[in-house]
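Work through the exercises below with the sequence and the 3D view side by side. Try each task before reading its solution.

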Amino acid sequence: MFAQTIATPEIPWSLLRPLLFFAEGAVILVTLTALFPRLRTKSFPALYTAAMAVGALVTLVPIWRRVQDDGPQIILDGALAVDGFAIFVTAIISVAVFFTALLLDDYLRRENLDGPEWYVLVLLSASGGLMMAAAEDLIVTFLGLEILSIAVYVLAALHLRRSESQEAGFKYFILGALSSAFFLYGIAMIYGATGSTRLGEIEQALALVNERGLSPVEDSSLLLAGMALLLVGFGFKISAAPFHLWTPDVYEGAPTPIVGFMASAVKVAGFAGFARVFLGSFVPVGGDWRPVVGAMALLSIVIGSFLAIKQTNIKRMMAYSSISHAGFILIGLHAAGSTDQGVSALGSRSVLFYLFAYTVMVGGTFGVATLVGRQGDGAHSLDDYAGLSSRRPLLAGLLVVLMFAQAGIPFTSGFWAKFGVIEAAVRGENYVLAAAAMIAAVVGAYLYLKVTVSMFLTAPESDDEGVMVESGGAIAQVPAAMIVIVAAVGATVLWGVLPDLGGDFLRTAATSVLR
Amino acid sequence: MLELAWLIPAAPLVGFGLILLFGRALGEPLAGWLGLSAAATSFAATVVVFLGLVAEEHSERFFVQTLFEWVPAGNFSVNAGLLVDPLSITMCLFITGVGTLIHLYSIGYMHGDPNFSKFFLYLNLFVASMLLLVLGDNMLMTFLGWEGVGACSYFLISFWFTDPANASAGKKAFVTNRIGDFGFMLAMFLVFSKVGSIQYADIIPWAVEHLGDPAIAGTATAIVLLLLVAAAGKSAQLPLYVWLPDAMAGPTPVSALIHAATMVTSGVYLLTRMNPVLAIADGWAVDTIAWVGALTALFAATVAVAQNDIKKVLAYSTVSQLGYLFLAVGIGAYVPAIFHMITHAFFKALLFLGSGSVIHGMNDEQDMRKMGGLAKLMPITSITFIIGWLAIAGVPPFAGFWSKDEILLYAWNDNKALWAIGLVTALLTAFYMTRQVILTFFGRTRFYDATAEEINAAFDNRLVSASGVTTEAEEALAAAHASVEKAAGDVEKKTAAVEVSATKLNDAKEALALVSADDDSHAKLTKALEKAEKGVPKASENLAKAQSTVAEANASVDSAEEALAAAKSSYRALAAKRSTLPMPDTHVTAVSAAPKLGDLAGEMPASYVERQEYHPHESPWTMTVPLVALSGAAIVGGALNLPFTKDLHFLQHWLETSLFGNEAKLAVATSTKWGLAVVAIVCALAAIAGAFHVYMRGKVDPRTIEKTPFARAWYVDETYAKIAGGPGHKGFDFAALFDRSVIDGAVNGVASAVRSIGSSLRSLQTGYVRNSALGIVVGSAAVVLWFLSRLWQS
C-alpha cells in the first residue's frame, strides 16, 4: 500500500560513494572501535580516516568521467546534484579531512586525549559539507549545514582539559544555533514567496516573473527577507563581517587541528552552499543581493586585514586573516552573480580556485601552529615563534612559504587566487571592490611579514631546554604532521608556478554551478 | 641566433638552482665562481642575441619567443614568452654586463662571510628575475619579474639579518614596494579589460591605433597614472623613495647592482615599454611624470649635500638621477632616458663599488668624516672613483656629460622650468660629488683621529682622576686638622705641667723656710728644692716645644687648605672645558685640524687604541678589476650616442623600433644646443670649484651649506614614521577598539534590556557570547533593512 502512496526515489549508489565514505565510514569507525578497544589506542582511527578521505577522492574519478560523458545529473528526486562543482568541492573537503586526520593523530597522543570520537565527528562533519555542496534543495542544504555544524561544535569543545576549548565550543554552539535559526526562517520565507524549496524551481519562478516584467514574485517582501536571512546564515558559516564576531574567540580556544578543519572544510562547505543556493536560484534578482555581498566582502576584507595587525596570538591572527580571505572569496562570488556570462564564469572559477588554494594553505599553516603549540596547545603567541628559524629551520622555512602564499606573493597559489578574484571584479567593472582588495592585500602583507620577521629576526628567548621548562615540551616535528605541511607547501608552490594545472576540471566545475 | 633568447634568463636560473642544491657543499669561493659563470653565460647569450638583432632589418627587430602556454584560461590567456627588441636587449646587455662584474666583485667583498653561498644564490635569482622583467612579452611576466626582484632586494637588504636596522630596512622596502605593486596590478587589469590582452604585442598596436582618440584618452590616462605609482615605488621617486636610502644597510655589491644599476631602473623601463600608451594619455598625465621626476631629482640632490655616510650620499644621488630619468620619460625623451640609464648604470655601479672598496679597506667605516687622504693608500680605488665622479658631475668627455646634456636639451625644448630644475640639480650633483671625493680621498687622513665620542670618553676618565685628587686633598686637610687638635691638647698639658712645677718649687721653698738648717730633713728639702728649681725650666722648655708644634700643625692645615682649593679649581676648570669638547655629530671637515688630545692621549678608550694599529689598504684584484672595467665604460660610454652628427646617434637609431615614433621632436637651433652645453659645463665646473673652495681650502664653514633640513632629508621619513606610528597606529587602535568596544558596546546598550537572560550565557574568558549574538542580530537587521529598502524603492 505504502509503495503506491509514497514513491521512493531510485538511489544511484555509485554516485553517492564519496558521501558514503564519510557518513558510513563514521558509523563503521565508531562500531569497530567499540568492538575492538585495542584499535582505539593505536594510530588506527587516524589512518582509517585518512583512508576514507583517499577513498572518497579515488571514487570521484569514475564519477567525474560519468559527468563528463552524460552531463551533470540530479539524483534522489531532486535532492542532490552530481556535477563538476560538487565533485570539485568534495575533493577539497576530502583533502581537508586528510590533513586533519594526520594532524590529529599526534595531537591527541601529545595532549593525552583519547578516542576515535574526534575522527568520527570529523568524518560526519565532512559528510554534511558534501551534502551542502551538492544540495539542490534548500531543505537538504539545511540538513547538510546542521550535520556539518553540530559535529564541529562538539569538536571545538572536545579538548576536555582546556576550559578555553569548552568555552569555544559553547560559544560556537550558541551562535551557530542562532544563525541556523535565521537560516531556517529564511528557507520558510523563500518557500512562502516562491512555493518551492528546490533551487531550480525557485530560479524558474523568479526568471518567469522577471520576463513578464512584473514584480519579482507575488510577495517580494517575503522573498527579500528570506534572502536576507539566508545571507546571514551563510555569512556566519563563512565568518564574513559583520557576522564574524565569534571567529577570533572560537579560533583561539578550539583545539588547533580542529581550527584548521574549521578554517578549511567548514568554510569551503559554507561557500559551496552559498554559491550553490545563490548562483543556482537567485541570479535573476542579483541586483538585490549582490550589493549586500559586495558590502560584506568590503567589510570583511577591511576588518580582517586591519584588525589582524593588532593581534599577538597566531590563532587570533589567523582568525582575522580568515575573515579577510572570506572577503576576497566574496568578491569572486559577487562577480559570479553577474548576469554577464563571461564575468560570472570568471567569478565562480576564481571562487573555486581560491577555496582550493586557501584550504591547502590554511591546512599547512595550522599544521605548523599545531606543532608549535606544544603540549597543552597553549604556545600560540607571536613570541613563541621568535627565533623559530634557528631552532626549527625547516618548519620556519615552510611557514614562510605559507605566509607568503596567504599574503598573495607571486610564485605561490595565493597570488593566483587573489589575482583571480580581482580579475573577476575588474572584468565586472567593480573597481571599488578591486581597489579595496588590492589595498587590503598590501596591508595584509604586513601581517604575514610580521610573523616571518619574528621567526627570522628575533632571537629566541631561551634555548630548547629553557623552552621545555616553560611551555611543555620542545617542538616535535612529527612525521604525520610534517607530511601535511610539506604537501601543503608543495601544492602551494606547484600551483603558484603552474596555476592552470587541472584547469579544465576547474572550469567545468565553475560553470556547472551557474545555471 | 634570436632563438637563443631563452638562454638569457635560463642561465642565472640554472645557477640559482645549482647553488640552491649544492651551495653549501661548494662553499667559498666555488659557489661564487659558479654564480659568476652563470651571469657570464647570460651575458654571452645576450651578446649573441644582440648581434642577431643587429643583423635583422630595422622593422623586423621585434621578436616574440613563446616558451609555453602558461595560463590558458578562456579569454584570459597568457603565454610565458620573451620579447626580444632593441629596448629589451639594451637593458639585458647592461644588466648582464654590470651584473657579471658585480658577481666578480662580490667574490672579493663577501670573503669570509658565513653566508657566502647564500649571497650568490640571491644574486643569481635576482639577475634571472630582472631579465624576466625586461624580457617578458606580457605585463604579467614583467610583473612576476618585478615581484621577483623586489623579493630578492628584500632578502639581500636583510642579508645580515641579525642587525635590527637591516631587518627594519628590509621591511620598509617590502611595504613601500607593495604600494607600487598595487598600482602595477590595477594598471594590468585595466589594460586587460580594455585591450583584452596583456601582451605587449597586442597593447602596442592597440595604442598606436587609438592615437588621438579622445574616447580612449581617459582610460590611457588612468593606466599611465597607475603605472606611475608602480614605477615610483620601484624606482624610488617621491613620495615612495624612503626605502632606498635605508636599503643601503645591505651589502655594498647589492647596493651597486640592485639599488643603483638595475632594479631601480625598472620603473623607467616599464614606462618606456608602454610609450605608445603614454602617447595616447592626456598630456597632464605625462607632465606629472616629468614633474615627479624633476622634483625628486632636486629634492634628493639637496639631501645628498649634507649626508656623511659615504653610501647615503650615493643613495640620494641615485634617487636624484632616477628623477632625471623620469623627467626625461615625462617629456618624451626616451632615448636620452635610456642613454642616461646606461651611463648611470656604469658610473653609479662604479661609485658604489668604489665606496665598497673604501669601506672594505677602512675596516667597515662608512663615515666620510673619518676618511680623507685615501688617495695615497688606495690608488686604484681612488683613480676609478675620480673617473666616476667626473662622469656623474657632467664633465666632458666622460659618459655622464653626454647623456645628462641630452636630457637637459630636451627639457629646454619642452619646458624651461623643467630645464632650470634639471640644471640646478646638475649643479648640486657636481657639488656633492666633489665634496664626497674630497672628504674621502683628499685632505688630511682623519682615520686615526679620535672621534668626539672617544675624546669625551677620555675626558671622562680624566675628570674621574681629577676628582680623585680633590678627595685626597680633602683627606690631607682633615689629617692636618686632627694633628692641630692633638698639638693644642699637648700645649694644655704642658702648660699645666709648668704650673705644677712652679707650685712644687714654692712648696719646696716654704718647707725649707720652716725647718732649721741643722735639721735632718734640711738636706733632703734642699735637694727637693734643687730638683724643683731644675724642673721649672724643663717644663717651660716642653711648653715652648708644644707651642711650636701647634704652629707647625696650623701651617700644615693652611697648606692642605690651599691644596684642596687648587684641586677643586682645577677640577672645575676641567669640567668647564667639557663644553668645548667636540660633541658627537658635529661637522668635522677636511680642513679642520685634528682635535688636540694633549694629555688626554693616555686615557683614550680601546677603540681608538686598536684603530691606530689598523692601516687602510687597497682591495684585492677581484674587487679592483670590476672597478677598472666600469671606469673604462664610464669614460667612453658617451660614445653610444654622440650629438655631433646624425651618424653618431647610434642609440637613437637602434631604439627607433621600440619607440614607434613617440620620441619628442627637438626644435632647437644648433647654436642653442652649443650654448646649453656650455652653460651646463660652466655650471658643473663652477660647482666643483665651489666645493673645492669649501672643503679643500676651507674658506667657508661647511655648516653654512649642510643645513639640518638637508641632513635630515626634509623630515620626510620622520613625518611618515609619525603618521604611521601616530595617527596610523591610532587608526588601527581605533579600529580594534571599534570592533571590540563600539560594536560590542552598542550591542551592550541593547543588551542591558535582556541582561537577566543573557547573564547566564557569560563567557569564561574573553568577550560575551551575548554580544556576539547580538552582533549577528544587528548585522542581520542591517541586511534585512537593506532588502526592505529595495522594496520601498520599487
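**Exercise 1.** At what angle do helix H2 (residues 86–109) of chain B and H14(B) pack, and how far apart are their axes?

Solution. Before starting, note that this is a predicted model, in which local features need pLDDT of at least 70, side-chain atom pairs count only at pLDDT 80 or more, and totals for chains, interfaces and linings use all residues. Residues are numbered from 1 along each chain as its sequence is written, while chains are lettered from A and ligands numbered from 1 in the order in which they are written.

Step one is to recall what has to be found: two packed helices are described by the angle between their axes and the distance between the axes. Helices (H or I, at least four residues) and strands (E, at least two) are DSSP runs, numbered from the N terminus. Axes are lines fitted to C-alpha atoms, for helices over the stretch in contact, and angles run from 0 to 180 degrees between N-to-C directions.

Step two gives the values: H2(B) and H14(B) pack at an angle of about 5°, and their axes are 11 Å apart. That makes H2(B) roughly parallel to H14(B), given that angles under 35 degrees count as roughly parallel, over 145 as roughly antiparallel, 65 to 115 as roughly perpendicular and the rest as oblique.

Step three lists the residues in contact (C-beta atoms, placed from the backbone, within 7 Å). H2(B) contributes B:Thr90, B:Phe94, B:Val98, B:Ile102, B:Tyr105 and B:Tyr109, and among the partners in H14(B) are B:Ile338, B:Ala349 and B:His360. The residues of this contact of H2(B) with H14(B) divide into 10 nonpolar, three polar and no charged, where Ala, Val, Leu, Ile, Met, Phe, Trp, Tyr, Cys and Pro count as nonpolar, Asp, Glu, Lys and Arg as charged, and the others, Gly among them, as polar.

**Exercise 2.** Describe how helix H13 (residues 310–330) of chain B is placed against helix H14 (residues 334–361) of chain B.

Solution. First, the axes of H13(B) and H14(B) come within 10 Å and cross at roughly 175°. The two helices are therefore roughly antiparallel to each other. Next, the residues that meet include B:Leu314, B:Gln321 and B:Leu325 in H13(B), and B:His344, B:Leu351 and B:Phe352 in H14(B). Sorted by class, the contact of H13(B) with H14(B) has 14 nonpolar, five polar and two charged residues.

**Exercise 3.** Is B:Ala399 buried or exposed, and which residues is it in contact with, leaving aside its neighbours within four places in sequence?

Solution. Begin with the location: B:Ala399 is found in helix H17 (residues 399–414) of chain B. A residue is buried if 20 or more other C-beta atoms lie within 10 Å of its own, exposed if 12 or fewer, and partly exposed in between, with C-beta atoms placed from the backbone. B:Ala399 has 28 other C-beta atoms within 10 Å, and so it is buried. Its contacts, with those sequence neighbours left aside, include B:Thr343, B:Phe346, B:Ala391 and B:Gly638. Finally, B:Ala399 and B:Leu640 are 241 residues apart along the chain, yet their C-alpha atoms are separated by 9.1 Å.

**Exercise 4.** Where do the cis peptide bond from B:Leu238 to B:Pro239 and the positive phi values of A:Asp377 and B:Phe660 lie?

Solution. As background, most residues other than glycine have a negative phi, and most peptide bonds are trans. The bond from B:Leu238 to B:Pro239 is cis, with omega near -5°, and B:Pro239 lies in the loop between helix H7 (214–234) and helix H8 (243–247) of chain B. A:Asp377, with a phi of about 55°, is placed in the loop between helix H15 (341–373) and helix H16 (388–391) of chain A. A:Asp377 counts as buried because it has 24 C-beta neighbours inside 10 Å. B:Phe660 has a phi near 50° and belongs to the loop between helix H23 (650–659) and helix H24 (670–696) of chain B. With 15 other C-beta atoms within 10 Å, B:Phe660 is partly exposed.

Notes: Contact = placed C-beta atoms within 7 Å.
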